[in-house]
Structures are given as structure tokens and as C-alpha cells.
Amino acid sequence: THGLDLCGHPGQACDLGPGRWFQVPGQDLVWRWVLPDDPSALEGVESTQGKCSSSAAAHLGRRFNSNECFGAYGHEFNEREMLGLANWCFVRGVNRLYPHAFYYSIRGPRRHERPPDVGPHSPWWPRYQRFAEACRWLSWLITDATHVCQVAVLGLSDHLPWAAAKHLFQHQIDFNYLEARHLWEDACVSANGIRLRGFHYPVLIVESPPEPPPRIWESLAPLLAAGGVCAYRADAPGTRRVDDAPALLAALRNRITPDLTLEIPEPALRVRHMLKHDRHVWLLANESYRPLAVRAQPLRPGPFRLLNPWDRTDEPWDPATPIPIAPAASVVLVEAPPEYPYQSVGE
């Protein structure tokens with residue numbers, strides 16, 4: 001009635017279904033349940049929350065999705081963790097961050113009420129403006145961009161699998177979680193794939209547990225017959241079960257063409273491909289605490305520019321040159337001529 005958006009987050013990291021009730025679906029990085037350069041970034045239910053909110057927004061037609069990040073990470077929380085968690089969110093499609101928290105005072109018992117303070121009481125406050133400006137720019141980059149994505153992973157309203165997703169992340173294959181109800185409510189399923197809200201998924205990955213609703217197989221019949229459903233550690237009618245990463249990747253190669261390949265495998269690299277202002281853009285995030293120098297080949301002719309929102313550099317990039325990415329940071333690769341308008345990343 002009053003034009004206000006319902007923001008916030010549901011109770012669990014894998015609560016994909018409740019996203020439909022939010023104008024801005026959200027999640028909550030809290031209690032050190034997810035850490036950069038740690039198994040928790042890819043394993044366990046909390047590792048699904050970045051894709052949970054962004055997938056809900058994508059399939060519900062929402063412009064924004066959010067994360068209330070850093071809450072209760074403790075006094076040991078540091079600047080490198082803050083950078084790593086922000087990039088963890090961005091490369092998964094989160095485009096609004098609610099940093100927890102900025103306190104008026106940390107006197108007395110308030111000092112221990114859900115630390116850290118990421119505002120003026122933090123040791124990195126003199127550098128916070130640059131961090132915030134980079135986050136603002138990355139939020140803008142993701143917002144209203146067309147997400148280029150060929151893989152869907154089946155989820156339920158209150159369950160999202162993570163084992164197959166881990167392999168996809170480590171091999172730079174982007175995906176969205178697809179809530180099962182879309183298959184019989186508003187998606188179009190054919191032998192060529194699943195179409196929903198402008199997305200076309202030639203392949204759907206099904207993983208157990210739990211057992212999906214029986215009506216799902218009827219909805220998926222055309223795609224099942226065409227070999228477009230991949231059962232990872234699961235049994236699905238009419239599909240061949242795969243139980244490890246090589247078999248999963250081989251099954252995907254029959255249905256999709258990677259839009260960016262690496263000369264040498266790098267499991268710490270995450271990639272999000274988008275179209276922004278009719279330009280192909282790749283957000284490349286380093287989810288380790290070591291510097292990366294990746295040799296990448298986009299499936300586009302170029303020319304390319306390499307933008308770094310954290311140190312505000314913008315320069316031409318030759319595909320024969322390795323892409324440097326600092327620990328826990330990210331860079332943006334843009335297919336663009338020299339006169340591309342983003343000459344200053346900070347603008």
C-alpha cells in the first residue's frame with residue numbers, strides 16, 4: 001500500500017521458498033558459519049545462502065537481493081575476512097550488503113553485543129570508504145545486469161544441496177538454484193531445457209537427499225527424455241547416476257559450452273558472467289588467501305578491459321596475459337573497446 005519493500009531474511013540459509021514473500025529476498029552471514037578460504041565457503045547448508053537469495057530474486061523477478069553480513073563474527077573479525085565475505089556474496093549474485101554493525105558506542109557490555117563493529121570503532125575505519133565504494137560499484141554492476149547462466153540445481157522450498165554446487169564453483173561453472181514448484185507453476189520445460197524469467201537452462205542437476213516430490217518427474221518428462229537431467233549422487237528415472245566430479249563435468253559438457261576456460265585449473269576461482277549495457281562482463285573472485293594469476297580464455301572475440309574496483313585500475317587486457325587477483329579480492333573482465341565508459345572504476 002505504501003510502496004515499501006519487505007527486506008530481511010528467513011530463518012535458514014537454505015530457505016529458498018520463503019523468498020517469494022520478500023520484495024528483497026535476503027540471507028544472513030552470521031556467527032562465523034561461513035569463512036573465506038575455508039571449507040565452510042563451499043560445504044554445508046550455510047554455503048548455499050548466497051545463491052539462495054540471488055536465485056530467489058532471479059526467478060521471482062526481483063531487482064535486489066541482500067545479505068546481512070559480518071554479524072557476530074567476533075572481535076577476531078579482520079579486514080581481510082570482511083573483503084573475502086563481500087566478494088563471496090558478490091560473485092554469487094548478491095547485490096545489496098547490510099554490514100553488521102555500526103555502533104554509536106561500545107562502552108560497557110555493549111562491546112560484546114554481537115561484535116564486530118565495522119564502523120568508526122574498527123581499526124580499519126580509515127580505509128573503510130574505499131571498501132564501501134568498491135562494494136557500491138560491484139552492487140551497481142550486478143544490479144540490472146543479465147545473468148548468463150546455463151545450469152540449474154534443483155532445490156526444494158526448505159532444502160538446497162551443496163555437493164554438486166561445490167564442484168561447479170571450483171570449475172567456474174555458474175548456476176542458479178531452481179525451486180521445484182517452478183517446474184509446474186511457471187517454468188516452460190522442453191527437450192531443449194527449462195525456461196524461466198529469461199533464463200534458459202539446458203541442464204538440471206538433481207541431488208539427494210531429500211526425495212523430491214513425485215510430480216517433479218512428470219514435469220521434467222521432456223527434458224528427461226532428452227538427457228538434460230543429471231543425477232548427482234541421486235537416482236532419477238531415465239537418468240544415469242554420476243557420483244564424482246569428473247563424471248559430473250563430463251555429463252555437463254554434453255549440454256553446455258563453457259563461456260570462459262582456464263589454461264590451468266584453479267579451484268579457488270569463482271566466475272559470474274553477465275551482460276551489462278550490452279557488454280559481456282565476467283566477475284572473477286579469488287576465494288583463497290593467496291594471490292592468483294590465472295590464464296583465462298573467454299569465449300568472446302574481445303577486445304577486453306580489466307577493471308579492479310578495489311585499487312581503481314582500468315586497463316586493456318590481452319588474453320595471453322595472466323589475470324592477477326589479490327587474496328580474497330575480485331576483478332572484472334569486460335569485453336569492450338578502448339572508449340568504454342568505465343574509465344574510472346571508482347566513478
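**Close-up views of a predicted model**

**Figure 1. Tryptophan 31 and its loop.** Tryptophan 31 sits in the loop that connects strand 1 (26-27) with helix 1. The model shown here and in the other views is predicted. Most residues other than glycine have a negative phi. Tryptophan 31 is not a glycine, yet its phi is positive, at about 60°. With a relative accessibility of 44%, tryptophan 31 counts as partly exposed.

**Figure 2. The protein chain as a whole, for orientation.** Eight helices and 21 strands are found in the protein chain. The radius of gyration is 20 Å, close to the 20 Å that the globule rule gives for 347 residues, so the chain is as compact as a globular protein of that length. The C-alpha trace spans about 60 × 50 × 45 Å along its principal axes. Of the 347 residues, 56% are buried. Among contacts between residues at least 6 apart in sequence, 71% join residues at least 24 apart.

Figure 3. Glutamate 76 belongs to the loop between strand 2 (66-67) and helix 2 (79-90). Leaving aside residues up to four places away in sequence, glutamate 76 touches Arg32 and Glu81. Proline 115 is 39 residues from glutamate 76 along the chain, and the C-alpha atoms of the two are separated by 9.1 Å. Proline 115 is joined to proline 116 by a cis peptide bond, with omega at about 20°. Proline 116 is part of the loop between strand 3 (96-97) and helix 3 (128-142).

**Figure 4. A cis bond at proline 303.** Most peptide bonds are trans. The bond from glycine 302 to proline 303 is cis, and its omega is near 5°. Proline 303 is located in the loop between strand 17 (296-298) and strand 18 (304-308).

**Figure 5. An open parallel sheet.** Strands of a sheet pair through backbone hydrogen bonds, either parallel or antiparallel. Here five strands make an open sheet with parallel pairing, in the order 6-5-10-11-12. Strand 6 (176-179) and strand 12 (241-242) are at the edges with a single partner strand each, so one side of each has no neighbour in the sheet. Strand 5 (residues 151-155) pairs with strand 10 (residues 203-207) over three bridges. In this pair, valine 153 is opposite isoleucine 205.

**Figure 6. Strand 15 and its two antiparallel partners.** Seven of the eight residues in strand 15 (residues 279-286) are buried. Strand 14 (residues 269-276) runs antiparallel to strand 15, and eight bridges join the two. Leucine 269 is placed opposite asparagine 286 in strand 15. Strand 15 also pairs with strand 21 (residues 330-335), again in the antiparallel sense, over five bridges. There, leucine 283 is opposite valine 332.

**Figure 7. The hairpin turn at histidine 277.** Strand 14 and strand 15 form a hairpin, and two residues lie between them. Histidine 277 is in the loop between these strands. Although histidine 277 is not a glycine, its phi is positive, at about 55°. The relative accessible area of histidine 277 is 55%; the cut-off for exposed is over 50%, so this residue counts as exposed.

**Figure 8. The largest pocket.** The largest pocket holds about 490 Å³ of space. Its lining has 24 residues, and those nearest the centre are Ala58, Ala145, Thr146, His147 and Phe199. Helix 1 (49-60), strand 4 (146-148) and strand 9 (199-201) are the elements that give two or more residues to this lining. By class, the lining has eight nonpolar, eleven polar and five charged residues.

**Figure 9. The second largest pocket.** About 290 Å³ of space lies in this pocket. It is lined by 15 residues, and His171, Gln172, Ile173, Pro258 and Thr261 lie nearest its centre. At least two lining residues come from each of helix 8 (245-253) and strand 13 (260-262). Nine of the lining residues are nonpolar, four are polar and two are charged.

**Figure 10. The largest cavity.** The count of cavities of 30 Å³ or more is seven. The largest cavity has a volume of about 140 Å³. It is lined by 14 residues, with Gln150, Gln172, Ile173, Asp174 and Asp259 closest to its centre. Strand 14 gives the largest share of the lining, three residues. Eight nonpolar, three polar and three charged residues make up this lining.

Notes:
Residues are numbered from 1 along each chain as its sequence is written. This is a predicted model: local features need pLDDT of at least 70, side-chain atom pairs count only at pLDDT 80 or more; totals for chains, interfaces and linings use all residues. Side-chain values use heavy atoms; hydrogens and water are left out. On a 1 Å grid over the protein atoms alone, a cavity is a set of points where a 1.4 Å probe fits but cannot get out, and a pocket is an open set with protein on both sides within 12 Å along at least five of seven lines; lining residues have an atom within 4 Å of a point. Grid points are joined across faces, edges and corners, and a volume is the space filled by probe spheres set on the points. Helices (H or I, at least four residues) and strands (E, at least two) are DSSP runs, numbered from the N terminus. Ala, Val, Leu, Ile, Met, Phe, Trp, Tyr, Cys and Pro count as nonpolar, Asp, Glu, Lys and Arg as charged, and the others, Gly among them, as polar. Contact means heavy atoms within 4.5 Å. Buried means under 20% relative accessible area, exposed over 50%, partly exposed in between (1.4 Å probe, protein chains only). Two strands pair if DSSP finds at least two bridges between them. The radius of gyration is taken over C-alpha atoms; the globule rule is 2.2 Å times the number of residues to the power 0.38.
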